Amino acid sequence: MSDVSARLLPLDPDLLERVRSRVAASGRPPTAAHVASALREEGGALRGDADLRDLLQSLQSEIVGAGPLEPLLRDPRVTDVLVNGPAEVWVDDGQGLRRVDVRFPDETAVRRLAQRLAAPTGRRLDDAQPWVDARLPGGVRLHAVLPPVAPGGTCLSLRLARTRAFTLAELVLAGSVPPDGEQLLRQVVSSEVAFLVSGGTGTGKTTLLSALLGLVDPRQRILLVEDAGELAPTHPHVVRLEARPANVEGAGAVTLRDLVRQALRMRPDRLVVGEVRGAEVVDLLAALNTGHEGGCGTVHANSARDVPARLEALAAVAGLDRAALHSQLASGLRVAVHLVRDPGSGLRRVAEVCVLERSPEGLVHAVPAWLWDGVAPSGAPGPAAVALGRVISR
């Protein structure tokens, strides 16, 4: 635990809540002077000039920030902060999950933080609605679950959207892509075939897709459609559209499906759906079948071979039957790039590139064209290597 957090823990939670309420009610910015004044007015005492700066910074983080989690969220290496009750905090800083020495004074403090973080998003979090999924100002993705649904204590999951885009060359240096894989992925992008980046949670799908979008011809217009803004391509012409959840009255929602339809009217050269996870797959495939080449996105899947089945399940939610989905898929989407995360090292890397081919039965299958085990200096060709060459050389 940091020294600043240690100093804060003895503060009376009731006093902290009164200071927080006083600062919020004033409508003034929570400057150090304002927080110090509110603390004095509520009967609190500072500990001397030596501790003044650190204590006020810590108190400010409790009032308007993330409390003891604030230093973790400021670490540029951290992508996830997970709280499993007051005495258990974990982070992922690119080397896999590890437990950190950060504590909350009690369960009430964790619950209060979760509710305070959720409040600016307009989402409800209480006994009647014991979970929330929202995007915070600044791009942090919040998920929280309260007891008794979480019997071990309030659980917080914070996913940080890092705005720095890595280049494909940097991913090669990091060991996420071998040199021959870099050349292959460059050809996929330049050929303007439609593709998906697949993988499990935390495998680096968004990072890779951002890097690939940075390779798009600068004369082309990229339309990004996302649930939460995470893609950060280095490209001169990017237009962003972001979904919006319903408010506390259940009105005002803007879905990814709504945004895909709007994006098609905005003259996109490349239509990108940050994460395909619902009925928007139908509109995306319709776009890819009506002259919008080079579209792409990400999708959660255990392997590249599971991508057609995953899309089939998503399309079923929108009422598109299996035969129609595979027909749209066969003509609209050509390549799947699959990522994995090595369990030992935590390295996120490209594992395979597959061609989506239609069988005589009419079903689309992902056939490996290039595979890499993360150990060999280069990848190995798969059964569909020749087919991939034809696809990306047109």
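Modeller: Before we start, contact here means heavy atoms within 4.5 Å. Also keep in mind that this is a predicted model.

Biologist: Okay, which residues does Asp93 touch, leaving out those up to four places away in sequence?

Modeller: Asp93 sits in the loop between β2 (89–92) and β3 (97–100). Its side chain makes a polar contact with the side chain of Arg98, at 3.0 Å. The residues Asp93 touches are Arg77, Val78 and Arg98.

Biologist: Is Asp93 buried or exposed?

Modeller: Its relative accessible area is 15%. Buried means under 20%, so Asp93 counts as buried.

Biologist: And Arg267, is that one buried or exposed?

Modeller: You'll find Arg267 in the loop between α10 (256–263) and β10 (270–273). Its phi is positive, about 55°, although it is not a glycine. The relative accessible area is 55%, and the cut-off for exposed is over 50%, so Arg267 is exposed.

Biologist: What is the phi of Glu192 near?

Modeller: Glu192 lies in the loop between α8 (179–190) and β7 (195–199), and it is partly exposed, with a relative accessible area of 25%. Its phi is positive in a residue other than glycine, near 65°.

Biologist: Which helix gives the most to the lining of the second largest cavity?

Modeller: That cavity holds about 30 Å³ of space. Its lining has eight nonpolar residues, with no polar and no charged ones, including Val281, Leu284, Leu285 and Leu288. With four residues, the top contributor is helix α11 (residues 280–288).

Biologist: Last one: which residues does the cis peptide bond with omega of about 5° join?

Modeller: Look in the loop between β5 (141–145) and β6 (155–159), where Pro148 has its place. The cis bond joins Pro147 and Pro148.

Terms used: Residues are numbered from 1 along each chain as its sequence is written. This is a predicted model: local features need pLDDT of at least 70, side-chain atom pairs count only at pLDDT 80 or more; totals for chains, interfaces and linings use all residues. Side-chain values use heavy atoms; hydrogens and water are left out. On a 1 Å grid over the protein atoms alone, a cavity is a set of points where a 1.4 Å probe fits but cannot get out, and a pocket is an open set with protein on both sides within 12 Å along at least five of seven lines; lining residues have an atom within 4 Å of a point. Grid points are joined across faces, edges and corners, and a volume is the space filled by probe spheres set on the points. Helices (H or I, at least four residues) and strands (E, at least two) are DSSP runs, numbered from the N terminus. Ala, Val, Leu, Ile, Met, Phe, Trp, Tyr, Cys and Pro count as nonpolar, Asp, Glu, Lys and Arg as charged, and the others, Gly among them, as polar. Buried means under 20% relative accessible area, exposed over 50%, partly exposed in between (1.4 Å probe, protein chains only). A polar contact is a pair of N or O atoms within 3.5 Å; within protein, one must be able to donate a hydrogen and the other to accept it, and residues adjacent in sequence count only if both atoms are side-chain atoms.
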